[in-house]
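The structure is shown first, and the description follows.

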Amino acid sequence: MTRPGLHSLTDGRGLLFGGDYNPEQWPEEVWREDAELMRTSGVNLVTVGVFSWARIEPEPGARDFGWLDRVLDLLAGAGIAVDLATPTASPPPWMGRRWPETLPVDESGHRLWWGARNQFCVSSPVYRERALALVSDLADRYAGHPALAMWHVGNEYGQFCHCDDAAAAFRAWLRERYGDLDALNEAWGTAFWSQRYSDWDEILTPRRTPYLVNPSQRLDHRRFGSDALLAHFRAERDVLRARTPDIPVTTNFMGFFKPVDYWTWAPEEDVVSDDHYPDPADPLAAVRAALTHDLMRGLAGGRPWMLMEQATSAVNWRPHNLPKPPGRLRLESLQAVAHGADGSCYFQWRASRSGAERFHAAMVPHAGPDTRLHAEVRAHGAELRRLAGVAGARVESRVALVHDWPSWWALEEGDLPSDRLDPVERLLAHYRPLWERGVSADVVPPSADLSRYALVVVPNLFLISDRDAASLTAYARGGGVLLVGPFSGIVDPRAHVRTGRFPAPLREALGASGEEWRPVDGPVGCRWSDGGAFTAHTWTELVRAEGAETVAAFDDGGPAVLRHATGDGAAWYLATLPDQDALGELTGRLLADAGVTGVLPGLPPGVEAVRRGPVLFLLNHGGGAVRVPVPEPSEDLLTGSAVAGHVTLAPQDVVALRPC
């Protein structure tokens, strides 16, 4: 059976626009005002009920759906679709009081109490039973309701637990993975520090210990934690699908969120959606957002995705929360659309008067609808309707960047030569010069089919399987251009070091190998073989060429950048962390090697260019007006204006150019 997807929401609606709606926080007379304001703002989708468990089930077994009936009827009457949430992310206080075993326990053995949210353990049979009972009744109640357009399962999954139920579930997961204790002891290397297990009941989650925890145990626990959360998501999803097979199901991701392996999650949902909150104080916010959006597109298999949550202005959870300047709301929303989003939604519709997020910005601020911010919301809703034809279009890329969650987990477990090799920051560093050149890139797992890409960049793959190493090797030999960054190919999926010269499984493809890791405190001098000096930082390696040519060397003469012609392609190795300018130079060489160019040559600094289907988006993230050449006569879909020759973009301005 073909599952419904995002197209089932955008057909007839165009791009989705709206936000989280929490009517349970407001008297009913406000609901009617909300529905009218939504209609005039162009809102066509709202998420309802994310934190409504206590309202729906005020005491165990009771059900109060009357208020939710009226909310959904009101929204349906206003022509607004509903992304209806299963409210299982925040159980009512009665759950923890009556069944304290449902409450999570941290690694020190401390039980966490109600009074916030996420106070549950997915391994608790009681939590699972009560959550699924509620989801079943919710689905039975609203199957066939005219407002229901999508299901939203839970909220921002990512909490782990170390209680006895979680430990028992961990042991069951390990039994399925390893079969017997001998295999587990071998995988965990328990001969070290006398850790050998003789009985399954001796195995616990990695709780607080006197000293360093076994890294293989912790890695498996991260795998288990992600899988345990996914198992609960599937359980709720399956209840919904059984009753409403024609309604798509999603849950909201959180970008590069370390605890959960989204590569394993994305195939289990019908719509990939994300929560993303750029920091107005971050000078790289636009680049970071673009990379995160490309990750979402990768998780969706190249299909459109949706931005489920963002802020209209300031958030409340950073130490110092800067507001977004006028125009930034529009710029960031349209950036997501340019990168493949078919929906741009917000947290939340109306600012809360009470609770922990009462100072979080909203589509309707505390000052009400007669405000600059709400006027900006209304204007943006109107222009998104003019982009209806973009829905469903794809972003095509000839470059891929590889990112892997288990490798991320393994690299950041500590006890390594350095704790300064942040894999997401390395990914961002390699992505930035592509972004600056207008080169679209997909983010993919190491297991992806790489054959359609001209260039594949692997900033770091500390942990690598034999199969993935063979795939990267075959890609380069088959005609692709491959770049592998430092400290890659070091451990196997058990987190055991691969002995011999590194990176052992990629040595033949790279035509080079190393023998020593050399972290550094200050800058390191380097020189390109064809002239020009640059500096590197943080990390160096003692490597030797074994068939590769040295493209750049350290001042002591050792190779810093190598290129190896292998088969019909080329494999490059980077044995250090070049400064950003040098990384830009290296990226230019890689693109030339792969025959890849950007959508527009010579982009002014701060201008982003993305082609989605036939539409070319130009976004000015810089602080001044810029003049950008336009390759062909076009119409700006946002304004209806004809554009030819060039376009002038004011700061934070955007055009969406469709060839005439």
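Predicted model: local features only at pLDDT ≥ 70, side-chain atom pairs only at ≥ 80, totals over all residues.

Strand β1 (residues 16–21) runs parallel to β2 and is joined to β2 by 4 bridges; Gly-18 stands opposite Leu-45 of β2. Strand β8 (residues 305–309) pairs with strand β9 (residues 341–346), also in the parallel sense, over 3 bridges. Here Met-306 has Gly-343 of β9 as its bridge partner.

The side chains of strand β2 (residues 45–48) are divided between two directions: Leu-45 and Thr-47 point one way, while Val-46 and Val-48 point the other way. All four of these residues are buried.

## The antiparallel sheet

A further open sheet consists of 5 strands with antiparallel pairing, ordered β21-β22-β27-β24-β25. Its edge strands, β21 (607–612) and β25 (642–643), each pair on one side only.

Within this sheet, strand β24 (residues 634–636) and strand β27 (residues 654–659) run antiparallel and are joined by 3 bridges. Asp-636 stands opposite Leu-657 of β27.

## Nonpolar cores

The largest nonpolar core contains 179 residues, and the members that touch the most others are Val-48, Leu-68, Leu-84, Leu-387 and Phe-617. Helix α9 supplies the largest share of this core, with 8 residues. Another core, of 14 residues, lies apart from it and includes Leu-616, Leu-618, Val-626 and Val-655.

Which residues does Leu-84 touch, beyond those up to four places away in sequence? Its contacts are Val-48, Leu-68, Leu-72, Leu-138, Tyr-142, Leu-148, Met-150, Trp-151 and His-152. Val-48, one of these contacts, is also one of the buried residues of strand β2.

## Arg-207

Arg-207 lies in the loop between α8 (181–188) and α9 (215–243). Its relative accessibility is 23%, so Arg-207 counts as partly exposed. Beyond its neighbours within four places in sequence, Arg-207 is in contact with Glu-107, His-162, Cys-163, Asp-164, Ala-167 and Val-213.

A polar atom of the Arg-207 side chain lies 2.9 Å from the backbone oxygen of His-162, and the side chains of Arg-207 and Asp-164 are joined by a polar contact of 3.4 Å. Arg-218 is 11 residues away from Arg-207 along the chain, and their C-alpha atoms are separated by 9.5 Å.

## Asp-404

Asp-404 is located in the loop between β10 (399–402) and α14 (405–411). Is Asp-404 buried or exposed? Asp-404 is buried, yet has no salt bridge. The nearest side chain of opposite charge belongs to Arg-223, at a distance of 7.2 Å; a salt bridge would require a separation within 4 Å.

With residues up to four places away in sequence left out, Asp-404 touches Trp-263, Pro-446, Leu-461 and Leu-463.

How values were computed. Residues numbered from 1 in each chain as written. Heavy atoms only, no water. Buried < 20%, exposed > 50% of the residue type's maximum accessible area, 1.4 Å probe, protein only. Contact = heavy atoms within 4.5 Å. Polar contact = N/O pair within 3.5 Å; in protein donor to acceptor, adjacent residues only side chain to side chain. Lys, Arg positive; Asp, Glu negative; His and termini not counted. Core = buried A, V, L, I, M, F, W, Y, C linked by side-chain atoms within 4.5 Å. Pairing = 2+ DSSP bridges.
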